[in-house]
Each structure stands twice: as structure tokens, then as C-alpha cells.
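Hi everyone, and thanks for coming. Let me put the structure up, and then we can walk through a few parts of it together.

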Amino acid sequence: MARIEFQELAHAYVANPRRDSDYAVQRMNLVWEDGGAYALLGPSGCGKTTLLNIISGLLTPSQGRVLFDERDVTALPPQQRNIAQVFQFPVIYDTMSVYENLAFPLRNRGLPEAKVKARVHEVAEMLELTGALHRPGRNLSADGKQLISMGRGLVREDVAAILFDEPLTVIDPHLKWRLRRKLKEVHARLRLTMVYVTHDQTEALTFADKVVVMHEGRVLQVGTPQELFENPAHTFVGYFIGSPGMNLLPVTLEGNAAVAGRARIPLGAVATPPAGARLELGIRPEFLRLSREPTEGAVAVSVRDAEDLGGARLVRVALGEHLLQVKLPEDAEVPAERGWLAFPAQWIRLYADGYRIA
Amino acid sequence: MDDKPINQKAWFLVLPVVVTVAFSAVVPLMTVVNYSVQDIFDPHTRYFVGTEWFEQILHDSRLHGALVRQFVFSLSVLLIEIPLGIGIALTMPRRGRWVSVCLVLLALPLLVPWNVVGTIWQIFARPDIGLLGRAVNALGIPYNYTGDPTDAWVTVLVMDVWHWTSLVVLLCYAGLQAIPDAFYQAARIDGASRWAVFRYIELPKLRGVLMIAILLRFMDSFMIYAEPFVLTGGGPGSATTFLSQLLTTMAVGQFDLGPAAAFSLIYFLIILLFSYVFYTALTHLGRGANR
């Protein structure tokens with residue numbers, strides 16, 4: 001178990017990075033608390049896997065330091081870091097049985113056979129693999145193989161962290177829940193630091209206590225699922241989390257109101273954006289109010305279409321030239337053609353050049 | 001009611017295959033069978049001799065000698081070329097511009113026609129004017145492949161290794177390239193040594209291509225003809241006379257068509273049998289190790 005810390009860390013795959021775009025991971029300071037279940041969420045190519053490989057030691061960062069419990073491990077190879085990593089595609093040693101697969105990391109480290117046996121049985125018990133111990137590893141289903149990959153990490157005592165690199169990609173949908181439940185069980189029991197890389201927000205939000213959202217090599221926000229939903233720190237987080245994502249409306253400020261075209265949207269408090277910044281107003285589709293009659297502070301919109309999501313209705317409305325999405329309860333009345341849209345002040349977020357200011 | 005018309009039209013659909021196979025395989029093979037059980041002087045004068053040719057050929061000491069040489073040769077070829085091929089494939093770069101350079105260099109020997117390979121080595125190894133022959137002699141090692149049976153053997157073997165190891169390398173290289181990076185990364189995390197990576201990841205993943213390599217190299221080396229024929233002509237004496245050369249001498253040189261046909265059938269069956277044995281053994285090897 002370990003607390004993992006990045007200090008001034010950055011990584012570039014090219015030899016002499018000059019511009020920001022040369023870096024796969026931009027300079028960052030970040031702490032992964034001991035025993036936390038983290039999801040590393042972001043679109044493909046945002047640097048998630050690079051970050052994971054830096055933790056495990058498969059990659060040495062081009063700048064900065066990696067600390068495990070205050071110990072500098074930046075230069076250490078993976079086998080000296082007590083890290084377990086589960087890959088996208090299940091890795092199984094084909095010619096070995098399940099038992100031998102689990103024993104492999106211990107035998108490589110020269111542990112006495114009696115101890116190997118005890119550890120393997122303990123881990124197999126936990127992963128419900130005891131019955132399969134003497135079967136050939138390659139005959140197991142994909143989710144079974146992923147369990148073994150994880151088991152090979154757990155079998156070592158004092159595992160610092162388990163890293164998962166999109167482990168459910170090749171798993172049949174009906175088996176995903178089983179493996180995910182197992183992961184949570186193992187986490188609850190061992191309180192290991194876990195980092196789970198995914199581009200699927202549902203997976204991230206159900207697995208993790210804390211979600212780390214990455215975009216273009218930067219960590220934009222670290223927070224609980226609720227924090228990410230209610231207070232996205234960056235427009236990308238607002239847009240990426242949620243279904244559909246946050247509405248973003250380019251605005252200018254006039255006193256304590258945001259102005260978009262001819263519409264004035266009252267704000268709760270006066271914000272002072274940096275001069276010259278591009279301002280956007282963000283609000284979740286769930287928090288917008290749509291009614292047939294004008295209400296206090298509401299702006300006139302034209303209703304484009306409505307989509308039935310089963311449990312809710314998704315209505316698209318036009319405010320000037322901008323389209324906004326409104327998520328209404330299933331039984332809500334949808335005005336035809338014209339309606340009035342209210343922005344509850346406590347749910348309005350303001351962003352300057354993408355970053356939240358209010 | 002079944003309205004399908006019942007007729008024999010379907011036969012026309014298989015006819016092209018039947019004709020092709022008949023002319024390419026069945027008719028030539030049956031001709032050989034025909035010769036092997038008859039004594040034929042001309043199309044109208046022939047006598048059925050039963051198993052006489054087979055008995056004669058099976059007691060032929062020239063055949064015994066060639067058969068033993070053939071097995072020793074094929075076994076040596078496999079024992080040298082397979083490990084060497086795997087070794088070279090492992091040391092080749094995985095990516096970058098050197099990959100294509102390596103591949104072209106490796107493919108070169110494979111592009112040279114068999115008899116030209118023989119000619120190249122015939123000149124290269126000559127003790128009087130050949131680079132290799134003179135160099136070896138200059139090192140103080142007496143070497144003359146036309147006079148000394150051991151030298152002749154070594155030369156034929158080295159020539160075959162030069163000609164065909166590339167094939168094994170290319171097959172293994174393709175097999176290695178197909179192993180996903182995650183396996184190597186997992187092995188690093190599991191603390192596996194280089195040997196363990198080879199033994200538990202690379203070798204099992206290469207099983208399929210190695211089976212093909214072993215079968216191809218066995219069959220090819222068992223039928224070797226042109227290279228030793230050009231290089232040594234089967235000599236000195238009969239030291240490098242392998243089965244196909246003996247067969248050719250018998251059929252074309254001495255026109256003993258009956259014994260040669262019997263010989264051909266036996267030869268064919270040996271190759272078939274051994275290929276089957278190799279195939280079964282290698283397929284079971286992978287499964288057996290899992291129990």
C-alpha cells in the first residue's frame with residue numbers, strides 16, 4: 001500500500017520537447033492517496049495510459065519525480081515497485097496452469113515453494129479461482145483471464161497499487177458487472193490504492209471514489225462523481241461527464257447578468273473575469289427549467305424537437321443562434337414552438353478560457 | 001412433395017477438380033505404381049512381377065547407405081537451422097528502419113535458385129581458387145571437399161544452413177511480431193528474467209510457426225537434390241549421395257524403371273509418415289504441457 005505522488009512530472013515521447021504539444025503528459029503535481037479507488041478518465045489519446053505506465057515504471061518520465069510513500073522510485077524498474085498492472089487484453093502465460101500463472105511472480109523472486117503455495121491459495125480463494133487452479137490458463141474465459149492478471153499482482157505481499165488499463169474492453173457485456181463487482185470487493189477488503197483507466201464515464205463513476213479527468217495531457221479535475229457533476233472545473237469536464245454533457249453558452253458580462261445575444265441571464269453573484277478572456281456560461285441540462293409562460297428571469301427560446309429517453313425527455317431549444325439541451329421529467333409538459341427558459345442561479349457556472357471562475 | 005429434379009448434373013460441377021487432380025496427381029502416381037509392379041520393355045511387352053522390385057530395392061545396400069545419410073542430414077539441418085533461426089529472429093530489431101534492411105538481407109539467399117547456390121559454393125569452397133577454401137587452408141586446417149568425405153559433408157551442411165536458415169528466421173520473426181506488447185510489460189511487472197520471457201511467452205507463441213518451419217525444412221532437406229549434385233556430385237565416393245540423387249541415377253542414368261518406381265513409392269511414404277509424426281508430436285506438445 002502506498003501513497004503515490006507526482007512532483008513536477010512531465011513526459012514527452014520525442015527527444016527534445018519544445019512546445020506544449022510535444023508533451024504527452026503536461027507538467028503536473030498530483031497525489032494519489034493511499035487506499036483510494038481512482039478512475040483516470042479521458043478520451044483516447046489524452047495521456048491516461050502514459051500516466052499509468054509512469055506509475056508502474058514501464059515508462060521513465062522525462063521530467064519530475066515519482067514518489068511512493070515519500071520514497072523516490074522514478075528510476076526503479078517495474079519489478080522493484082510492487083505494482084500490479086492489468087492490461088486491456090488479458091495476459092496469460094499460455095503453457096502454465098492457473099496455479100503456475102499465479103505463482104510466477106513469486107517464483108521469479110525466488111520465494112520458497114511452501115510460501116508460494118500458501119499465497120497462491122489465499123489469492124485464489126479471494127478471486128474465487130480455487131476450483132480452476134489446475135486448469136490450463138488459456139482455457140479460461142476473458143474475464144477469468146483478467147482475474148488471473150489481477151491475481152498475479154495481488155499474490156505479492158505489500159503490493160503498492162493495482163493499475164487497470166481499460167480492463168473491461170474485451171469482456172462480454174454480461175460479464176462486466178461480475179468483474180467490476182470483484183474489483184470493488186478486492187478494494188474493500190485490501191484497501192489497496194487502485195487506479196482504473198477508462199474512457200467510459202459510467203465505468204469510471206461506478207468504480208471510483210475519486211475521478212481524475214484528463215484531456216490533452218492535463219489533469220483538469222480530481223473529484224468525487226458528485227463534484228464532477230455539479231462543479232466541473234473545466235468546460236471539458238462539464239461536457240465529458242453527464243449524458244448529455246453540460247450546455248455551454250458564449251456570453252459577455254453586464255453587471256450581475258450574463259448576456260447572450262438579446263437574452264439577459266441573471267447571475268447570483270458578480271464575477272470578475274480576467275481581462276480579454278473568452279467567457280462561457282455552463283449549466284447542466286438537468287437544471288434548466290422550461291415553461292410555457294414567462295417566469296422571473298426567464299428568456300424566450302424556440303423549441304426545436306423533443307426526444308424520449310425512456311425515463312426522461314430531452315428537449316432541444318434555440319436561444320438566438322445557440323442550441324441548448326434541456327432534460328425534463330418524463331411527465332413534464334413540453335411547450336410547442338415557443339417557451340421560456342429559466343437558469344437557476346445556483347446551478348450556473350462561469351468559465352473563462354475553459355476554466356471555472358464562478 | 002419434393003419438387004427438386006433428380007438428375008446427375010451436379011457431376012459437372014466437380015468435374016474440373018476431378019480432371020485437374022487426376023492429371024496433376026493421380027495419373028502420375030498410378031504410373032509409378034504401374035512401373036513398380038511390372039517389368040516393362042515396351043508398351044506391348046510387359047510382365048507382372050509382384051513385389052520383386054520392392055524386395056530388390058529394400059535389399060540394396062546403396063539405398064541403405066543413402067537412407068542413413070539422408071536421415072543424418074535432415075536431422076542435422078533441423079538441429080542447426082531451427083535454433084539458429086530462432087536466435088537470429090530474437091536479435092533482430094522490432095521496429096525502425098533497420099527492419100527492412102535486415103529483411104532484405106535475409107531474403108536474398110532464398111531468392112537464389114538451387115543449382116546456382118550449388119555453383120556459388122562449389123567455387124567459394126574450392127581449395128585452389130575459392131575464398132573460403134583458401135582461407136580455411138591458410139588457417140592451417142587441411143580442407144578439400146572433393147577429396148575428404150567429412151569436408152564434403154560439412155560443406156553441404158553449411159551450404160544448406162546458408163540457403164535456408166533465413167526461412168526459419170522470417171517465420172519466427174513474423175511470429176514474434178505478432179506478440180502484443182502487453183505480454184512483455186506484464187512479464188516485466190512479474191519480474192520475469194529474459195530466459196523466462198523466452199520460455200513462457202515467446203516460445204509458446206512461436207509454436208505454430210515453428211511447426212511450419214520444422215515441416216518445411218524436414219520435407220525440403222529430405223528431398224535435397226540440386227545443391228549437392230552441383231557441389232560434390234554425390235562424392236567423394238558416395239559420401240554425399242542422398243536419396244533423390246540415388247533415385248535419379250537409378251531411373252534416368254541406368255534406366256532401371258521398375259526398381260526406381262518402387263524406390264519412389266517407398267521414398268514418398270517415408271516423407272508422408274515423418275511429416276505426420278512431426279505434425280502430431282508438435283500439436284500434442286503444446287497441449288500436453290498444459291496439463
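Where is Phe12(B) found? Phe12(B) sits in helix 1 of chain B, residues 10-36. Helices here are DSSP runs of H or I with at least four residues, strands are runs of E with at least two, and both are numbered from the N terminus.

Before going on, a word on the source: this is a predicted model, where local features need pLDDT of at least 70, side-chain atom pairs count only at pLDDT 80 or more, and totals for chains, interfaces and linings use all residues. Residues are numbered from 1 along each chain as its sequence is written, chains are lettered from A and ligands numbered from 1 in the order in which they are written, and side-chain values use heavy atoms, leaving out hydrogens and water.

Back to Phe12(B): is it buried or exposed? Phe12(B) is exposed, at 63% relative accessible area. Buried means under 20%, exposed over 50%, and partly exposed in between, using a 1.4 Å probe and protein chains only.

Now let's see where the two chains meet. On chain A, 25 residues are in contact with 21 residues of chain B; contact means heavy atoms within 4.5 Å. The area buried between the chains is about 2,000 Å², and carbon and sulfur atoms give 56% of that. Buried area is the accessible area (1.4 Å probe) that two parts lose on being put together, summed over both. Of the area that chain A buries against chain B, Leu58(A), Tyr93(A) and Thr95(A) supply 27%, more than any other three residues.

How many salt bridges are there between chain A and chain B? The count is 2, with a salt bridge being a side-chain nitrogen of Lys or Arg within 4 Å of a carboxyl oxygen of Asp or Glu. Arg152(A) and Asp190(B) meet in a salt bridge through their side chains, at 2.8 Å from N to O.

Next, please find helix 2 of chain A. Helix 2 is largely enclosed by the rest of the structure, because 8 of its 11 residues are buried. Among them are Tyr99(A), Leu102(A) and Phe104(A). What do the buried residues of helix 2 pack against? Their partners are helix 3 (113-126) and helix 4 (142-154) of chain A, together with helix 9 (194-222) of chain B. After helix 2 comes Gly110(A), with a positive phi near 70 degrees.

Last stop: Glu280(A), in strand 15 of chain A, residues 279-283. Glu280(A) counts as buried, at 12% relative accessibility.
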